[in-house]
Amino acid sequence: MRRLSWAKALFLALAVAGSPAAALSPAETVLSAVNSARAKAGCQPLRLNPRLTAAAKAHAAAMAEQNFFGHAGKDGSKFSSRIKRQGYSYRTAAENIAAGQRTAMQAVTSWLKSAGHRRNMLNCRMTETGIAVVYQADDRPIRGNSAPLRYYWVQVFAAPG
């Protein structure tokens with residue numbers, strides 16, 4: 001009985017101190033935060049899918065390297081075509097993008113404050129996700145911005161079809 005209480009206390013202390021979260025990658029941090037919000041909304045947790053992650057990473061890299069910010073790629077691609085390019089077949093899909101946020105929690109907080117992005121995150125029909133962040137050290141300011149964004153975040157949501 002004592003061991004269980006000690007182990008429980010240690011687990012709680014680590015959780016409160018944030019130690020386990022410090023070891024998470026940015027994508028894992030986004031996934032954890034989004035799944036927490038989904039649980040509060042009554043949705044099942046999202047599962048990472050490597051094909052959706054590849055679609056997210058490709059778009060984040062394109063935005064960083066080609067110095068733009070938007071859902072449409074400079075090649076005219078939409079998130080739906082980028083998902084299909086990765087060989088993923090879906091019934092429904094959506095995409096969230098963010099730029100300039102230095103941390104995963106800043107990106108998630110921005111998305112939760114936006115009605116459309118929040119709707120994507122809390123859509124219980126979505127079951128899988130792909131998450132990526134690309135850092136562009138030598139980024140230039142995008143037209144209309146006085147400073148470079150440097151961090152480009154993409155989260156793709158889908159339900160396989």
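1. A residue is called buried when its relative accessible area is under 20%, exposed when that value is over 50%, and partly exposed in between. In this predicted model, cysteine 124 has a relative accessibility of 43% and therefore counts as partly exposed, whereas cysteine 43, with a relative accessible area of 7%, is buried.

2. The bond joins distant parts of the chain, since cysteine 43 sits in the loop between helix 3 (26-40) and strand 1 (47-48), while cysteine 124 sits in the loop between helix 7 (115-121) and strand 3 (128-135), 81 residues apart. The angle about the S-S bond is -75°, and the link is left-handed.

3. As to the overall fold, the protein has seven helices and four strands, which follow one another along the sequence in the pattern α-α-α-β-α-α-β-α-α-β-β. Of the contacts between residues at least 6 apart in sequence, 71% join residues at least 24 apart.

4. Of the 161 residues, 41% count as buried; the protein exposes about 9,300 Å², of which carbon and sulfur atoms supply 56%.

5. Asparagine 67 belongs to the loop between helix 4 (50-66) and helix 5 (79-85), and its relative accessible area of 16% is under the 20% cut-off, so asparagine 67 counts as buried. Leaving aside residues up to four places away in sequence, asparagine 67 touches Ala62, Lys74, Asp139, Arg140, Pro141, Ile142 and Tyr152.

Definitions and conventions: Residues numbered from 1 in each chain as written. Predicted model: local features only at pLDDT ≥ 70, side-chain atom pairs only at ≥ 80, totals over all residues. Heavy atoms only, no water. Helix = DSSP H or I, 4+ residues; strand = E, 2+ residues; numbered from the N terminus. Buried < 20%, exposed > 50% of the residue type's maximum accessible area, 1.4 Å probe, protein only. Contact = heavy atoms within 4.5 Å. Areas by Shrake-Rupley, 256 points an atom, 1.4 Å probe, with all protein chains shown as cover. Disulfide = S-S within 2.5 Å.
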